[in-house]
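Student: I am new to this structure and would like to go through it step by step. Please show it first.

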Amino acid sequence: MIFDLFNTLLHGADEGRDQVVREMATVLGVAPGALVEAYHDSWRDRQVRWSLTEAVRVLARGLGADPTDAQVTAAAELRRSFAGRVLNAVPAPTLAVLDRLRADGRQLALISNATAETAEAWPDSPLAERFDTAVFSCAVRLVKPDPAIYRLAAERLGTDPADCVFVGDGADGELAGAAGVGMTVLRTTQYADSDPAWPGPALAHLGELPDLLRDERSLAGDR
């Protein structure tokens, strides 16, 4: 089993992220709205190129500021702390689903297009102990829907992509990417309906997953 993270296992918290960026702007001495826009525009660089402090410094300088090391550190800590809070707010029913899957003998992997602070916060989250491996774009410099990131997750599980089930909300073309390497695909709509045109089965709630997986013959036709 391979899962997406945000808007699949937990809420993406986009509004909260923007609020934290506004707080960071005050620390850095730049316009809050401008920094929020810069964060939105730089999402790909932050997912594959920059560390947290690099992102803070580059974006602040792009807005005409020259922040001190202390300012960069303080702003980065706001973002880092928020990432930890988000990952620790995973709903108890989601953890119960993961525990049930593991009890059924399933290996679990995560693939997330994520920035550095999420990867840093992951080991201390209640999710981490429930996954056999986690593949973050910022660490491997690959992003969904690149076929290589799916193959890497399957390889870390010691299996073939064709033997994996991918579960995600569909952002970033992730469902087509998973299907392209032969994975069975399940779309979730619990937090966001990010790919409504996807023709395969959809889960209104992650709690539906264990029972659905028990009839794997029906899923085979949705590869």
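Tutor: Buried means under 20% relative accessible area, exposed over 50%, and partly exposed in between, with a 1.4 Å probe and protein chains only. The model is predicted: local features need pLDDT of at least 70, side-chain atom pairs count only at pLDDT 80 or more, and totals for chains, interfaces and linings use all residues. Residues are numbered from 1 along each chain as its sequence is written, and side-chain values use heavy atoms, with hydrogens and water left out.

Student: What is the radius of gyration of the protein?

Tutor: This radius is taken over C-alpha atoms, and the globule rule is 2.2 Å times the number of residues to the power 0.38. For 223 residues, a compact globule would have a radius near 17 Å, which agrees with the protein's value of 18 Å.

Student: Is Arg141 buried or exposed?

Tutor: Arg141 is found in the loop between H8 and H9. Although it is not a glycine, Arg141 has a positive phi of about 60 degrees. Its relative accessibility is 54%, so Arg141 counts as exposed.

Student: How does Asp172 count in terms of relative accessibility, and what is the value?

Tutor: Asp172 is found in the loop between S4 and helix H10 (174–180). Its phi is positive, about 65 degrees, although Asp172 is not a glycine. Asp172 counts as partly exposed because its relative accessibility is 36%.

Student: What separates the C-alpha atoms of Ala134 and Pro145?

Tutor: Ala134 lies in strand S3, while Pro145 is found in the loop between helix H8 (137–140) and helix H9 (147–157). The peptide bond from Lys144 to Pro145 is cis, with omega near 15 degrees. Ala134 and Pro145 are 11 residues apart along the chain, and their C-alpha atoms are separated by 16 Å.

Notes: Helices (H or I, at least four residues) and strands (E, at least two) are DSSP runs, numbered from the N terminus.
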